[in-house]
Amino acid sequence: MWPVTNEPDAATTLTAADLGEPALGPLDGRYRRSVAPLAAHLSEAALNRRRVHVEVEWLVFLGTHDVVPGVRRLTDEETAFLRELPLRFDAAAVAELGEIERVTVHDVKAVEYWIKRRLEGTSLADVAELTHLFCTSEDINNLSYALMVRDAVQQVWLPAATDLVDDVVRMAHDLRDVPMLSRTHGQPATPTTLGKELAVLAHRLRRQLGRVGESEFLGKFNGATGTYAAHRAAVPSTDWPAVSREFVTGLGLTWNPLTTQIESHDWQAELYADVSRFGRVLHNLCTDVWTYISYGFFAQVRGQGTVGSSTMPHKVNPIRFENAEANLEVSGGLFRVLEETLTTSRMQRDLTDSSMQRNIGVAFGHSLLAIENARRGLAGLDAVPAALAADLDHNWEVLGEAVQSVMRVHGLPKPYERLKELTRGRKVDQAKLQEFVAGLGLPEGEAARLSLLTPADYTGDASALVSVLDEG
């Protein structure tokens, strides 16, 4: 065993000063640049900005819709002032909010107090206590998360994923006529084309994108246990479900009319399952392309100036696909945990969802990083037709399927068994196969046609099938 002496204890010997500005996780350190667009939507600061936004919009709603008798109408200037608050929620505001929360030990209450501070000494001071009126924390949180996730998906994740799929579609079209030996169970099988196999993956990915693009983002706004109890006690004459619907839909969300204290999060589970499934299909693409690279079917020729091996100068490692695989596994695991956990809450409320939802950004971050790496990997590839052709030419036995099928059509005896005897467990070259065909007694035209068939020609409709991608 290698002797280890004076091994440092990182927890006691390293300080933040020693490390500059250390990041505990890779998304906030090594990969920060790649996932930075998500921070504007799914960070803690973004959550608090959205909380300010929802609180402000409710205050504006109360001051413009005559919901509560006696509440005066807000002026256009006052409404504009309020709506500027989330826009001016900067680093100084984040720090101030943190100071307030250290006193309140409650994040949403801290937001309420932060807003009230902004109303002191203004014409809005008389309506400051309407801030958070009738609201439980989850009325603010569920709407904030729905808006955050909606914008992260629609403005960041979906565009990136769509660009990736478009890349695969272009590759499928470019390579639609390049014949390739298939492998089922790892064994030589009926030939296809490289483009057709990429088209299958593009079609699968695109289908999942369609599901994500049709996602609903639900919100609720109905009080401490979803009953409008405080609303009815204070203002019994108002149609509170109608008010709730108008407010939630006015934010651009789908109204959930029946909840406990929390919005049930089922829409989140549905969305994360779809994003995770997209990731599994992308993982399949990465492992297939990695394998094709290992067979020499693709050469890594562009953007590969990096060191492939610290000791073997000839190597160019398919690191982009390996990185994508790892990040898809992390994101998929997180999405599955989110999906499973968020759909359960003890009776009317527990706090497991609060802790879980803080990992939404991490899950999307690893997914986004995987998408970027997969795109970069694909962009550096060129097909190598000579390697594909050599692989086909080494496996003439795959034409046994074609020969026995023609024999069946023409009523020849024991076609499967005779081809099995010829091909199973042994290599068959062109001459041997042509000799076999010539002795079958097939009609002259059929025998001539089969004798001209090569593995590279035996691709059926593979090239034409790529056109399915053009159908939408």
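Visitor: At 68% relative accessibility, how should I read Val105, as buried or exposed?

Guide: Val105 counts as exposed, because its relative accessibility is 68% and the cut-off for that class is over 50%. Please keep in mind throughout that this is a predicted model. Val105 sits in the loop between helix H5 (91-104) and helix H6 (107-119), and its phi is positive, about 50°, although the residue is not a glycine.

Visitor: Which value does phi take in Tyr228, and where does that residue lie?

Guide: Phi of Tyr228 is near 60°, again a positive value in a residue other than glycine, and Tyr228 belongs to the loop between strand E3 (218-219) and helix H9 (229-234). Tyr228 counts as buried, since its relative accessibility is 8% and the limit for buried is under 20%.

Visitor: How should I read the packing of two helices, and at what angle do H16 and H17 pack?

Guide: Two packed helices are described by the angle between their axes and the distance between those axes. Here helix H16 (residues 400-409) and helix H17 (residues 415-423) pack at about 155°, with their axes 9 Å apart, which makes H16 roughly antiparallel to H17. The crossing of H16 and H17 is right-handed. On the H16 side the contact is made by Gly400, Val403, Gln404, Met407 and Arg408, and on the H17 side by Pro415, Tyr416, Arg418 and Leu419; by class, that contact has 5 nonpolar, 2 polar and 2 charged residues.

Visitor: How many aromatic pairs are found in the whole structure?

Guide: A search of the whole structure gives 15 aromatic pairs. One of them joins Tyr272 and Phe364, whose rings are 6.1 Å apart centre to centre with 75° between the planes, an edge-to-face arrangement. Because Tyr272 lies in helix H11 (residues 266-295) and Phe364 in helix H14 (residues 360-379), the pair ties together parts that are 92 residues apart in sequence. Tyr272 and Phe364 are both buried.

Visitor: Which residues form an aromatic cluster with Trp58?

Guide: Trp58 forms one aromatic cluster together with Phe61, Phe221 and Phe247.

Key. Residues are numbered from 1 along each chain as its sequence is written. This is a predicted model: local features need pLDDT of at least 70, side-chain atom pairs count only at pLDDT 80 or more; totals for chains, interfaces and linings use all residues. Side-chain values use heavy atoms; hydrogens and water are left out. Rings of Phe, Tyr and Trp (its six-membered ring) pair if their centres lie within 6.5 Å; planes under 30 degrees apart count as stacked, over 60 as edge-to-face and the rest as tilted. Helices (H or I, at least four residues) and strands (E, at least two) are DSSP runs, numbered from the N terminus. Buried means under 20% relative accessible area, exposed over 50%, partly exposed in between (1.4 Å probe, protein chains only). Axes are lines fitted to C-alpha atoms, for helices over the stretch in contact, and angles run from 0 to 180 degrees between N-to-C directions. Angles under 35 degrees count as roughly parallel, over 145 as roughly antiparallel, 65 to 115 as roughly perpendicular and the rest as oblique. A crossing is left-handed if the near helix is turned anticlockwise from the far one by less than a right angle, and right-handed if clockwise. Contact means heavy atoms within 4.5 Å. Ala, Val, Leu, Ile, Met, Phe, Trp, Tyr, Cys and Pro count as nonpolar, Asp, Glu, Lys and Arg as charged, and the others, Gly among them, as polar.
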